[in-house]
Amino acid sequence: MDSVTRLSREVVPADLLDHPLDGKITSTRYSGGEKKTSLESEKAFELKWDPVIKDDETVYVNGEPVVTTGLDVSRFLVDLRDDGDQALTFRSLFLGTAFAGLGAALVEIYNFKPIQVTVSTVFLVLLIYTFGVAWAKFLPQRSWVEGTRFARLGPTFEFINPGEFKIKEHVVSSLVTSTAAYGNTAVLNFAVQRLYYNTDVKATTAILATFSTACFGYGLCGLLRPLTVYPSEMVYWANLPTVSIFQALHFDTAANRKRMKLFWMAFAAMFIWEIVPSYIFPLLSGFSIFCLASQHASPAVQDVFTNIFGGAEANEGLGLLSLSFDWQYITSVYMSLPLIQQANSWIGCALCYIIFLAIYYSNAWDSKMFPIISTSIFAANGSMYDQDAVFGSTFQLNQTALEEVGLPYLTGSNIWLNIASSLAIGGLIAHCVLFWSPAVREAFAHARSRTQPDPHWKAIQKYKEAPHWWYVCLLVLSFVAGLVVVLEGQTTLPWYSFVVALLFGSFVAPFSQLLFARMGNGIATNQLMKMVAGAIVPGRPVANLYFTMWSHDIIGQSILLAGDLKIGQYLKIPPRTMFLTQVWGTILGAAINYVVMVSIVDAQHDILILPQGTNVWSGQVVQSLNSAAVTWSLAKELYGPGGQYFIVPMGLFIGMGATFVQWSISKRWPYIGPVKVDTIMLPIIYMYSAWLSSGLNSVLTSCIIVGVVSQFWLRRYHPGWFKNYNYILGGALDGGAQVMIFILSFAVFGAAGKDRPFPHWAGNPAVGNVDYCNGNGALGS
C-alpha cells in the first residue's frame, strides 16, 4: 500500500521506484474487464467495472501483480466468487464460541505482559479450519442414514453436520472468535480500580459497562459503514492475511495439503521453541553485545548502557540494537503492515531514541530524578506518589492533602508520550481534512445515492442489508446500560459527562477509522479524551477513567468491528449474519476478559503495581491508565497555563499546524526527490516517536528485520510465494508461540496462583536484568 493516500489511480514514477528494476517487471494497462494476470481469481474480473474507476498501470513481477492500493486489492487479491453457501449454522457458532475462550483469555493475559500483542487471527482461522474439516469428515451426516431405519435422524444429523466445511461457515466461526479476542478495554478500568483504589467492581457493573462500550462502538461503526467500510480504499490492511487465507483454503483446495503442512510444521516448531526464550533461556528475549561488554565497566557507564541498550526487562531501557529471538513479542504484525507504514514507523522510532535520551540527559522536567522510562507517577523526590492520601476513599480531590503531598510528577519519556499523543491527534484530524477530504466527499456522495463502485459491495447487494435501525437500537440499549452504571455504580461520573463522552467519541470515530482503514494503523485518542475529562470533571481520577472508557474505547471497538465488516464484504457474508455474529462475539469476549483479569490481578497484585515489573508480568498498561487519570484530574494544576506540562495540550495545535505546512508543501512540490510528500504520515511518525515509552524494548530491531524480509524482499522479489505462504507462515508462528504462552502462564508464570521459575543459570541469571545490563541498581546494591 505504498501510495494508499493518493487519490489518483495513476501509477507515477515514484511508485515504480519502489519496485526492483531487475528486468522482470512489466507494466500493463488495465481497462474495463480484460483479463491481465494469470491469477485464477482473475476470472472474477471479467465482470464489467464501474465507469468511475479509471484506467491505471499495474506493475508485475514474474507475472504476478504487485498490490499497492485499495483498488489493487479489489482487483487482484480478493476474489468476487460467491458460492451462496450457508453462513450461520450450529457448527459455525459452536466452533466460534469454543475457540473464543482461547482467544479472549490470551488477549487479556497479554494486557499484563511487558509488551501488548494481539492474538493472531490467522492462527485462529487455521485452527478452526482444521477442526471444521474434521467435524465434516467424522461426525454423522444425513447421507449416512438415508434409506435406512434411522432416516428419521437425518434432520438432526444435518443440523449438527451440514456437510462440507465451506468458506462462509469458516468466516462466521472465525469472526466470533476474533471479535472475542479483540479484548474489551473497559475491563482494564476495573483492573485499575482493583489495583489502585481498592475497589472490587460489582459483576453487574462490569457486565453492563462492557456491554455499553462494546456495543455502542459496534452501533457506531454500523452507521458509519458507507463511509469507512464500503469504498475500495477502505482496506483495513491488517485483515488482508485473513481474507487471503480464507480464499486460499476454500477456493484453491489443490494446494491446501502443502499450505497446511507448512502451517503445522511451523506451528509445532515455534510451539517447542517458545519455551526456550520465554522460560528456559530468557537472555534470548533481548541479546545485546553492548550489555554483555559492560560487565566490568564503572557504575556510571553501566547506568548509561542500561538506559540505551538494555531492554529485555519491562521498563529497563531503550533496547537499541538488541536482538530478540522471542516470537511472542516480535509477532507477524510486520509481515502484514504495508512498507510505507513501516517506513513511517522507523522514522518515528529513530526519533524516539534521540528524543528520549535528549530529554533524560538534559534533565528536562527533572527527568533524572525518575527512571528513564516508566508509566507510573512519582513524588518530587522520586518515590511513588501517594495518591490515596490525595484522593481518599471518595476518589475525589482533597485540596488540603494535595498541598501537603504535592503535585505528581511524570518521567520524561511519559511526558513526551503525552506530547506525541497530542501531536498525533491534531495531525490526524488535519490530515483527514486536508489530504483525504476529496475521498470522504466522494464516499458521502455514494452513501447518499446508495451506490458504490466497489465490486465486492455490489456483489453483496443480493443479500438483505442489516437496516440502520438495528444499529440505532443497539446504540440506545448501550446508552441505557451505561446510564445505569453511571447512576448506580462506583464511577463518580455525572450523567451529563457520560453523554458528552459518547458524543465526543462519536465525533472522533470517523477520523480514526479512516486512518486505520487506509494505513493499517491508528492513533490512540485516549489522550484527547482524558484532556476533555480533566476539564469537565476535575479532581476525580475514577470519573476520568470512565469518561475515557465511554469516549475512547468506543472508538477502538468501532475500528476493530469495522475491519470485520470489511472482511464480511470481501467474503460475501450476509450483513444480517454479520450483525448477529459480531454482537455475540463482543459480549462473549467481554465476559471472558473480565474473568481472566480478576484471576491475574489477584494473583500478581504486587508485581503489577511496581514501576518496573518483570520480564514475565508488567502492570504498564494499567499503570499508564491510572497515571493519566490522576494527572488529568489535576489538569488545571499540571496542564493549564503556568503548569509544568502545559506543552502537552498545546501539542494538539502544533500537530495541526505541522500537517498544514506539509499539505501546503505538497501542493507546491508534490515530490521531494523520490518521496511523494503526501505519503509522509506525520501522525504515525509522532506516535512511533514515543513507541519505547514503556515495556520490553529489545524487540524493535528484530521486528524491523522481519518487516523488511517479508514486505520488501518476499513481496517484491517473490510475490507468488508471498501471496501463497507469507500470511500462513506468520499465523503459524504466532499461534505456536501464543499457545505455549497460554500454557506457561497458568502452569509456571502464576496467572492463577503460585509461579514456578526455571532454575537459574547463565541464560537465566538469579539477580539483575536478564540481558546483563545491570545499571540503575539492577543488582540491588
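Q: Is T331 buried or exposed?
A: T331 has a relative accessible area of 6%. Bear in mind that this is a predicted model, where local features need pLDDT of at least 70 and side-chain atom pairs count only at pLDDT 80 or more, while totals for chains, interfaces and linings use all residues. Residues are numbered from 1 along each chain as its sequence is written, and side-chain values use heavy atoms, leaving out hydrogens and water. With a 1.4 Å probe and protein chains only, under 20% is buried, over 50% is exposed and anything in between is partly exposed, so T331 is buried.

Q: Where is T331 found?
A: The backbone is worth a look first: phi of T331 is near 60 degrees, a positive value in a residue other than glycine. As for its place, helices here are DSSP runs of H or I with at least four residues, strands are runs of E with at least two, and both are numbered from the N terminus. T331 is in the loop between α14 and α15 (339-361).

Q: What does W365 count as at 28% relative accessibility?
A: W365 lies in the loop between α15 and α16 (387-391). Though not a glycine, W365 has a positive phi of about 55 degrees. At 28% relative accessibility, W365 counts as partly exposed.

Q: At which residue does α11 bend?
A: End to end, helix α11 (residues 256-280) reaches 35 Å between its first and last C-alpha, close to the 36 Å expected; that expected span is 1.5 Å times one less than the number of residues. The bend is the angle between axes fitted to the seven residues ending at a residue and the seven starting there. For α11 the bend is about 25 degrees, a proline, P277, follows within four residues, and the residue where it sits is W273.

Q: What covers the buried residues of α11?
A: The buried residues of α11 include M260, F263, F267, M270 and P277. Among the elements covering them are α4 (121-138), α10 (240-251), α14 (327-330) and α32 (719-747).

Q: How many residues of α7 are buried?
A: Helix α7 (residues 167-181) reaches 20 Å from its first C-alpha to its last, close to the 21 Å expected. The rest of the structure largely encloses α7, because the buried count is 15 of the 15 residues.

Q: How do the axes of α9 and α24 cross, at what angle?
A: The helices are α9 (residues 203-228) and α24 (residues 541-570), and their axes, lines fitted to C-alpha atoms over the stretch in contact, come within 7 Å. Contact means heavy atoms within 4.5 Å, and here residues including F216, Y218 and L220 in α9 meet residues including W550, I554 and L561 in α24. Angles run from 0 to 180 degrees between N-to-C directions, and this one is roughly 55 degrees.

Q: Which residues in α25 do W470, Y471 and L474 in α21 meet?
A: The axes of α21 (residues 468-488) and α25 (residues 575-603) come within 11 Å and cross at roughly 20 degrees. The pair is therefore roughly parallel, the label for angles under 35 degrees, with over 145 roughly antiparallel, 65 to 115 roughly perpendicular and the rest oblique. Their contact partners in α25 are R576, F579 and V583.

Q: At what angle do α3 and α32 pack?
A: L102, A105, L106, I109 and Y110 in α3 meet Q738, I741, F742, S745 and F746 in α32. The two helices are roughly perpendicular to each other. Their axes lie 10 Å apart, and the angle is about 70 degrees.
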